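Visitor: I have a structure open and a few quick questions. Can you walk me through some of the packing?
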Amino acid sequence: MNRLRHLSAGQMTLWLLAVGGFAVAVARFAFGLGAVTNLSDRFPWGLWIAFDVLCGVALAAGGFTMAAAVHVFHLKRYEPLLRPAVLTGFLGYVLVVVGLLVDLGRPYRIWHALIMWNPRSVMFEVAWCVMLYTLVLGLEFGQVVLERLKRTSLLRMTRLALPPLVIVGVILSTMHQSSLGSLFLIVPGKLHPLWYTPLLPWLFFLSAVAVGMAMVVVEAFLSARAFGRTLELPLLEDLGRATFVVLALYLSLKTADLAMRGALAMAFLPTLEGTLFSIEMGLGVILPLGMLATPAIRQSAGGLAGASSLVVLGVVLNRLNVAITGMLAGSGARYVPSWMEVLITLGIVAAGVLAYRLIAEHLPVFPPEETHLLSATKIAASESMVYGSPARLP
Amino acid sequence: MAVEDLAACLTRRKFLRIIGASSIGAAFLSVEEAAHAAEGSGYGTLIDISRCIGCRGCEAACKSARNFPPGESADLGPTAWTYVRVQRLPKPVPHSSMGDGMAAQRTIKVQCMHCLAPACASACPVGALHQTPEGPVVYDEWRCLGCRYCQIACPFQIPRYEWAERLPAVTKCSFCAERLAQGEGPACVAACPVEALKFGRRSDLLAEASRRIAEAPDRYVPAIYGRDEVGGTSMLYVSDVPFQDLGFPTVVRESLPAFTWRALGKIPGLIVGLGATLTALEVVIRKRNERMEHPGGGSA
């Protein structure tokens, strides 16, 4: 009973944030961007682009990494993690579109990108990737809806189309994640050297792959709590290992790049940029790498969840630093988001969590009932029988 | 000077070659044409900071030609496509015609630089900004989504947004493109009483600027701002005070769209390569799994 009351208090907060965000969004369309935001001509992109769009897309990356693992590399044991990841990806992209519509000056013209082409524009690529990949995620998640509607013949037919669809999705994601980094290639004079590099598209892509897997782990922990489910801990630990590999690659590339451009020393200067860069790398990359490298931490539920959360935090900090911190000095501007900008962002996140809950309660997002009946030990044991992997018991 | 012009020209050629080599469609041909126009026969304005007396006649003429409310502006804005910025100098330099009276400051006409390879036009996802054959970079409001990537991309921080409007547009100097198309010069140049502004073919203006510097080396700093900046701009400045003391941004010499193109040009290859690799992997792994599940199966 107590637990239920706690949950509903949390849900109450989510609803309040969502409604508050919606109210501010109405004000934004009624009175214009100037009345609601702290944006200016010298600082035209703020929290909405940095968080709602850049972070939103990065955190949705679990959808394509898990889809690739299951449908392209046929790693069937990841199947239980696929649907929650695709759902997060789909909701993430829908929310990115919502954030984009709030930020655009003339959102009703968004379809212009379909017919008025400028293939030299990174933003053109971004626009197409958002539209197409949202569609692909919708189709991928459509499987779950078909299953709920018991359209078995249609389900069997569409399952055949899944591998090509997933491959298209992986290509679109690779393009989209990297293109968000490419957006900043055109500002060599504005973005701080700690973040400006010709490697931006590579770094954005690598960090997205890492955070995609980390998000799947974090979500598994959160939904295990919220829906009282058991954890697929050995599976999650494998993801933790994969996250470690990608994140280590990211750290080496980032360090080598900074060293080659002679910008490494700037990381240790007591400037705003140096400080925030150190927090981003120390807390969001180096600390989780150390945690994931330590078997005792990686194999414990709390340790794995903690390390994965730090990876998420690190990527969020990175996107905020590229789009905001790193652009401040070069633009000669000041920017702190207004409370209304913050409320819209919080409202969008809250709406996402509520939608996830609602969908997870009514559609078969999680593996079937039998999992509930088995204890964690039994799952681990049965898995080791099927897949021949050594059981790592908690 | 001629050698350096040739060098600037070569970097543009190199850029065009990059575009040409990886062009996927007709869309890129128009870029090449526009760049050609800007390179060969484009117009420009030479702004001589040492001559400017800060009368703001250019600003008034612009506002009158555009039917904007009259008055002096402190910054660019939706109804101030050009204005005259007052720059305090770190150490006084007597003004050529106003003497010690203006030694502590210079007045600088500010407007869109009309880059030869405009970053804003390359950034716009829907082609709302484009370069006309005469050189001006102009804006089609009816296309604009309001993403403001042009503002991010502009190295000179020129485009202004109508933040107060419900349905805002991007605003900036159009170099009086409609007047240029009819063979006339821009409104601001005609209004200057001291010939601090000179309109003409960019190549002629570069020669004129070099001549002024060569004839009075004591007066001018030996630099033409806009000759090489971001691959060259239609607006050119000469000055008797170093540009860094006048608050001019130090920008790269290369054209900015080339920075983006290095990444964008790889996309067709990425799509083909990644598509082929993933498809091959999917098939190989699926077959292998089927063999492992049904060893000695009849279908294979």
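Guide: A term to start: helices here are DSSP runs of H or I with at least four residues, numbered from the N terminus. Also, this is a predicted model.

Visitor: Switching to chain A. How do H3(A) and H13(A) pack?
Guide: H3(A), residues 47-59, meets H13(A), residues 301-331, at an angle of about 140°, and their axes are 9 Å apart. Angles over 145 degrees would count as roughly antiparallel. The two helices are therefore oblique to each other. The crossing of H3(A) past H13(A) is right-handed.

Visitor: Who makes the contact?
Guide: From H3(A), the residues include A:Ile49, A:Phe51, A:Leu54 and A:Cys55; from H13(A), they include A:Val312, A:Val316, A:Arg319 and A:Leu320. By class, the contact of H3(A) with H13(A) has 13 nonpolar residues, no polar ones and one charged.

Visitor: And H8(A) with H9(A), at what angle do they cross?
Guide: Roughly 130°, with the axes coming within 7 Å. H8(A) is residues 152-182 and H9(A) is residues 200-227. This pair is therefore oblique as well. H8(A) passes H9(A) in a right-handed crossing.

Visitor: Which residues meet there?
Guide: A:Thr174, A:Gln177, A:Ser178, A:Ser179, A:Leu180, A:Gly181 and A:Ser182 of H8(A) meet a group in H9(A) that includes A:Leu200, A:Pro201, A:Trp202 and A:Phe204. The contact of H8(A) with H9(A) divides into eight nonpolar, six polar and no charged residues.

Visitor: Last topic, the two chains. How many residues does each give to the contact?
Guide: Chain B gives 54 residues and chain A gives 42. On the side of chain B that touches chain A, elements giving two or more residues include H2 (26-40), H9 (256-264) and H10 (267-293).

Visitor: Which element gives the most on that side of chain B?
Guide: H10(B), with 12 residues. By class, the side of chain B that touches chain A has 36 nonpolar, 10 polar and eight charged residues.

How values were computed:
Residues numbered from 1 in each chain as written. Chains lettered and ligands numbered in written order. Predicted model: local features only at pLDDT ≥ 70, side-chain atom pairs only at ≥ 80, totals over all residues. Axes fitted to C-alpha atoms, helices over the stretch in contact; angles between N-to-C directions. Parallel < 35°, antiparallel > 145°, perpendicular 65-115°, else oblique. Left-handed = near helix turned anticlockwise from the far one by under 90°. Contact = placed C-beta atoms within 7 Å. Nonpolar A, V, L, I, M, F, W, Y, C, P; charged D, E, K, R; others polar.
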